[in-house]
Amino acid sequence: MLKEGEAAPVFDLPDPDMEMVSLSSFTGRKNVVLYFYPKDDTSGCTKEACDFRDNVPNFGRIDSAVIGVSRDSVASHDKFKKKHTLPFALASDADGKTSAAYGTWVEKSMYGRKYMGMERATFLIDGKGVIRGIWRKVKVPGHVAAVLQAAKAL
């Protein structure tokens, strides 16, 4: 399990424009907010994405970039991004390697049935690639405000 103060695992994932998104893509930024979410266009994931969207100007004022990651395809990300006018990168972790590296691909349980799925989690990573904040098992209401406050404090 990753901890604050550790180096963030590197990744290289495609976005809807088939550009590769990586931590090194944001070299020179003060912070990167890397958030993992279960599925495009579901109610909780849409609310979270729209909360990040609405706060992109606030993150921009403190030189912080936002990246959303799920295991959905780049085509799914493209539809989701366009439908909700999301101005930040959505990266497709189709093979699950990045989710595994960040410990967000976990066993879940619903109605007694166990299955593997994406844990809603966010990582605040500084410009040197060090994890400065971790939120796991995220509840959407108030989450983006908490991440923004932590990013401002760095």
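A salt bridge is a side-chain nitrogen of Lys or Arg within 4 Å of a carboxyl oxygen of Asp or Glu. By this rule, the count comes to 9 salt bridges. The model is predicted: local features need pLDDT of at least 70, side-chain atom pairs count only at pLDDT 80 or more, and totals for chains, interfaces and linings use all residues. Residues are numbered from 1 along each chain as its sequence is written, and side-chain values use heavy atoms, with hydrogens and water left out.

**Salt bridges**

| Pair | N to O distance | Residues apart in the chain |
|---|---|---|
| R29 and D63 | 2.8 Å | 34 residues |
| K39 and D72 | 3.2 Å | 33 residues |
| R120 and E48 | 2.7 Å | 72 residues |

Helices (H or I, at least four residues) and strands (E, at least two) are DSSP runs, numbered from the N terminus. R29 lies in the loop between β2 (20-22) and β3 (31-36), and D63 in the loop between α1 (43-61) and β4 (64-70). K39 sits in the loop between β3 and α1; its partner D72 is in the loop between β4 and α2 (74-83). R120 belongs to the loop between β7 (113-118) and β8 (121-126), while E48 is in helix α1. Each of these pairs links distant parts of the chain.

Burial is scored by relative accessible area: buried is under 20%, exposed over 50%, partly exposed in between (1.4 Å probe, protein chains only). R29 is partly exposed at 29%. D63 is also partly exposed, at 31%. K39 is partly exposed at 45%, whereas D72 is buried at 9%. R120 and E48 are both buried.

**Backbone**

Most residues other than glycine have a negative phi. D63 has a positive phi of about 55° although it is not a glycine. Y111 likewise has a positive phi of about 55° and is not a glycine. Y111 is found in the loop between β6 (105-110) and β7. Y111 is exposed, with a relative accessible area of 83%.

**Largest pocket**

A pocket is an open set of points on a 1 Å grid over the protein atoms alone, where a 1.4 Å probe fits, with protein on both sides within 12 Å along at least five of seven lines; lining residues have an atom within 4 Å of a point. Volume is the space filled by probe spheres set on the points, which are joined across faces, edges and corners. The largest pocket has a volume of about 160 Å³. Its lining is V106, K108, E119, R120, K137, V138 and K139.

**Helix α4**

Helix α4 covers residues 143-153, and its buried residues are H143, V144, V147, L148 and A151. They span an arc of only 130° around the axis, so they lie on the same side of α4. The arc is that of the directions from the helix axis to the C-beta atoms. A145, Q149 and A153 are exposed on the other side. The buried residues pack against β3, α1, β4, β8 and β9 (131-135), with contact meaning heavy atoms within 4.5 Å.
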